[in-house]
Amino acid sequence: MVHLLCCTLRDQKSGTKPRQVHFYLFEIDHSVWTRFPDTKIMLNWSVFLNVINVEAENGALGADLRRTFYGDPTPEHFPHYDVVMANLYTQVLRPLIWTGLLQETRPGKSFRSQESVFTKTPLWKAALNLETDSQVKRATRH
């Protein structure tokens with residue numbers, strides 16, 4: 001097991017090693033892949049993982065996650081490009097997708113992450129022990 005301030009990464013049989021996930025999520029500076037690398041996200045991984053743990057259990061729109069973390073978008077120079085959402089996607093959501101912890105479902109041919117639905121994968125629960133695990137409300141499935 002790899003112990004973090006916010007959670008514990010468990011060993012699992014999926015082939016993903018906790019140390020690799022830890023390194024990719026917490027040691028790499030994902031801001032270098034953004035359009036505006038000087039714009040840092042203001043929250044930490046503990047907040048992101050614990051909130052996403054609750055919000056994405058049954059799927060959460062990117063726009064809803066953006067609103068939860070940062071509030072409603074304000075009019076910007078580029079009305080169709082939300083810098084905050086782009087940074088949230090590049091620095092938090094995409095690394096979680098690439099490690100197999102989160103799944104992104106895009107509607108049609110859209111590339112707007114605000115319109116995507118983000119859902120935790122089975123690996124999420126297998127790999128992470130989070131403070132908010134007891135607050136997760138599982139949907140009734142028929």
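At what angle do helix α2 and helix α3 pack, and how far apart are their axes? In this predicted model, helix α2 (residues 45–55) packs against helix α3 (residues 62–70) at an angle of about 135°, and their axes are 11 Å apart. The protein comprises five helices and six strands, and three of the strands form an open sheet.

**Overall organisation**

- From the N terminus, the order of elements is β-β-α-α-β-α-α-β-β-α-β.
- The protein has 142 residues, of which 43% count as buried.
- Among contacts in the protein with a separation of 6 or more, 62% come from residues 24 or more positions apart.

**The α2–α3 packing**

- The crossing of the two helices, α2 and α3, is right-handed.
- On the α2 side, the residues in contact are Val 47, Phe 48, Val 51, Ile 52 and Glu 55; on the α3 side, they are Leu 65, Thr 68, Phe 69 and Tyr 70.
- Classified by residue type, this contact of α2 with α3 consists of seven nonpolar residues, one polar residue and one charged residue.

**The open sheet**

- The strand order in the sheet is β3-β5-β4, with antiparallel pairing.
- Strands β3 (60–61) and β4 (102–105) are at the edges, and each has a single partner strand, so one side of each lacks a neighbour in the sheet.
- In general, the strands of a sheet pair through backbone hydrogen bonds, in either a parallel or an antiparallel sense.
- β4 is joined to β5 (residues 117–120) by four bridges, and the two strands run antiparallel. Within β5, Val 117 is the residue that stands opposite Thr 105.
- Two bridges connect β3 with β5, also in the antiparallel sense. Here Ala 60 has Phe 118 of β5 as its bridge partner.

**Faces of the sheet and the helix across it**

- Helix α4 (residues 83–98) lies across β4 and β5, and runs at about 105° to β4.
- Side chains in a regular strand alternate between the two faces of the sheet.
- In β5, Phe 118 and Lys 120 belong to the covered face, whereas Val 117 and Thr 119 belong to the uncovered face.

Terms used. Residues are numbered from 1 along each chain as its sequence is written. This is a predicted model: local features need pLDDT of at least 70, side-chain atom pairs count only at pLDDT 80 or more; totals for chains, interfaces and linings use all residues. Side-chain values use heavy atoms; hydrogens and water are left out. Two strands pair if DSSP finds at least two bridges between them. Contact means heavy atoms within 4.5 Å. Axes are lines fitted to C-alpha atoms, for helices over the stretch in contact, and angles run from 0 to 180 degrees between N-to-C directions. A crossing is left-handed if the near helix is turned anticlockwise from the far one by less than a right angle, and right-handed if clockwise. Ala, Val, Leu, Ile, Met, Phe, Trp, Tyr, Cys and Pro count as nonpolar, Asp, Glu, Lys and Arg as charged, and the others, Gly among them, as polar. Buried means under 20% relative accessible area, exposed over 50%, partly exposed in between (1.4 Å probe, protein chains only).
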